[in-house]
Amino acid sequence: KNPKAPSLVAMEVRGTRTTTRTWRRARGRTADRPNRNRRGPPFPSRARRRHDDDAPADPGHTPDDANNNSKRRRSMLLGSGLAFTCPCCGSGGRSERTGGSLYDRYLASALSQDAMASYEKSIEPMKRRLFGGLAGSPNEELTIVELGVGAAPNARYYCDARRGKGDCIVAVDKNPELLNSAASEFESRGVEKLELLEADVADTGLPSAFADAVVGTLLLCSVRSQDQVLREIRRILKPGGKYYFVEHVAAPSGTPLRTAQDLLSPLQRVVAGGCNLNRNTAVSIAAAFEDGDVTSYRYDVLPGEILFDNGFSLKSEGDGLGLLAPHISGEATAGRCVLTRCPAEAKV
C-alpha cells in the first residue's frame, strides 16, 4: 500500500461544516443495476493543497489578467462575440484523473467561470427564474444530478438557497479538469455531499429512479444523440422528478439567422467540440416527456434584453448572443409511475 496515496474520499473542513467529496468513473452498466465497483483512482486531497502555503502552485492555473484574456480569445464561438463553449463538447482522451489531456485542459479554460461570465450575464434573468423552484423547495436531502456540469456555473442559482438542507449533488462530466473546477465551486457554496462522476452523459451508470432533479444547460447542442441522452435522463429521474434545461436552438426556418446557422454549423462543430447551431431541441424534449409535463419558453437573447415570441421582454445586462441568440428553457416532469410496485416518487 502506498502511504502517500490520498484517501478515496477527500474531506475538507470549514469551521463546523465538513464537505464529503467522492470521485467515481463510470464503466457502463448492466441493465438497470449500477456497477458498485467502478471507482477510479482516488481524488487528490484538495484540503492539503489549499492549506499548505509551501505547496507548489498548480501549473494549469495562472491568475494574471493577460492569461485570462488569452483564455477568452481561445474560446470564442462563431458570431457570438462571447467566450464560452458547450459543457458537453467531446473531451477526447485523458491520461489520468487529476491531469487530463491537452484538449481537456483547453476545454477547462474555455469553460472557466471567467470565460463563461459574458454568457451568464446575458442569460442570468432566465436562469434565476428557472431555478427558483428548485432553490426554494421546502424538501430536504434532495438528490440533484447535473449533467455536463462544466465549471458549475449553475451552482450559484440553487446551491446558495439550499445551504444546510443536506442535498447530495452528483456532478457528471467527461472532463476531469472540469470536474476539479466544479468541485471547488460547489464546495464554496456549502454543498456538504458531493459526488464527482467522470462519465458520458448518455450512459452515466447511475441507478434507475435515482434523482429528484436533473440539471442540464447547454447540454443537448453537442451530444451525438439527443434522444439517447434524454432517455438516460428519464431513466435516472424518479417518477415526478424534474429536468431543468437551458439550450440554444435553431432560429425559425427561412430567417437570415437560420440561414447563417445552417451554413456555419459544420464549422462550428469543428471549432467548438461538436456544438450544433441549428438543432430543434424543444421537439426532442417534448417527445421524451410525452407522458409527463413540459413547460418550455422560447426567446432570443439580445443586447440588453431577452425577447420572447409573444413580445414580452426582460431586461438583461448582457451583450446578446449572436448566432446563439435563440434559446429555450424550462422544466420537464417525469410521468407518474402507474405500476403496483414502483420507486419512491421525487421530493421536488
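**Notes on the predicted model**

1. Salt bridges, total. The whole structure contains 11 salt bridges, a salt bridge being a side-chain nitrogen of Lys or Arg within 4 Å of a carboxyl oxygen of Asp or Glu. Side chains of opposite charge can pair when their charged atoms come close.

2. Basis. This is a predicted model, in which local features need pLDDT of at least 70 and side-chain atom pairs count only at pLDDT 80 or more, while totals for chains, interfaces and linings use all residues. Residues are numbered from 1 along each chain as its sequence is written, and side-chain values use heavy atoms, with hydrogens and water left out.

3. Overall make-up. The protein has 10 helices and 10 strands; these are DSSP runs numbered from the N terminus, helices being H or I of at least four residues and strands E of at least two. Of the 348 residues, 51% are buried, where buried means under 20% relative accessible area, exposed over 50% and partly exposed in between, with a 1.4 Å probe and protein chains only. Among contacts between residues at least 6 apart in sequence, 78% join residues at least 24 apart; contact means heavy atoms within 4.5 Å.

4. E120 and K127. These two residues form a salt bridge, with 3.0 Å between the closest N and O atoms. E120 is buried at a relative accessible area of 5%, and K127 is buried at 1%.

5. R189 and D160. Here the closest N and O atoms of the salt bridge are 2.8 Å apart. R189 lies in the loop between helix 7 and strand 5 (193-198), and D160 in the loop between helix 6 (155-158) and strand 4 (168-173), so the pair ties together parts 29 residues apart in sequence. R189 is buried, with a relative accessible area of 19%, whereas D160 is partly exposed at 35%.

6. D212 and K238. The salt bridge between these residues has its closest N and O atoms 3.3 Å apart. Because D212 belongs to strand 6 (residues 211-217) and K238 to strand 7 (residues 237-248), the pair ties together parts that are 26 residues apart in sequence. D212 is buried, with a relative accessible area of 0%, and K238 is buried at 15%. Elsewhere, salt bridges with shared partners join E124, R128 and R156 into one network.

7. Helix 3 against helix 7. Which residues meet where helix 3 and helix 7 are in contact? From helix 3 they are D104, R105, L107 and A108, and from helix 7 P176, E177 and L178. The contact residues divide into four nonpolar, no polar and three charged; Ala, Val, Leu, Ile, Met, Phe, Trp, Tyr, Cys and Pro count as nonpolar, Asp, Glu, Lys and Arg as charged, and the others, Gly among them, as polar. The axes of helix 3 (residues 102-110) and helix 7 (residues 176-188) come within 7 Å and cross at roughly 35°. Axes are lines fitted to C-alpha atoms, for helices over the stretch in contact, and angles run from 0 to 180 degrees between N-to-C directions.

8. A171. This residue is found in strand 4 and is buried, at 0% relative accessibility. Not counting residues up to four places away in sequence, A171 touches E146, V149, L179, F186, E195, L196 and L197.

9. Helix 8. The buried residues of helix 8 (residues 226-236) are Q226, V229, L230, E232, I233, R235 and I236. Their cover includes strand 3 (143-147), strand 6, strand 7 and helix 10 (281-288).

10. L323. The loop between strand 9 (313-319) and strand 10 (326-333) holds L323, which is buried with a relative accessible area of 9%. L323 and V301 are 22 residues apart along the chain, and their C-alpha atoms are separated by 9.9 Å.

11. Cavities. There are five cavities of 30 Å³ or more. A cavity is a set of points, on a 1 Å grid over the protein atoms alone, where a 1.4 Å probe fits but cannot get out; lining residues have an atom within 4 Å of a point. Grid points are joined across faces, edges and corners, and a volume is the space filled by probe spheres set on the points. The largest cavity holds about 110 Å³ of space. Of its 14 lining residues, R162, R163, D167, G190 and V191 are the closest to its centre. By class, this lining has five nonpolar, three polar and six charged residues.

Key
On a 1 Å grid over the protein atoms alone, a cavity is a set of points where a 1.4 Å probe fits but cannot get out, and a pocket is an open set with protein on both sides within 12 Å along at least five of seven lines; lining residues have an atom within 4 Å of a point.
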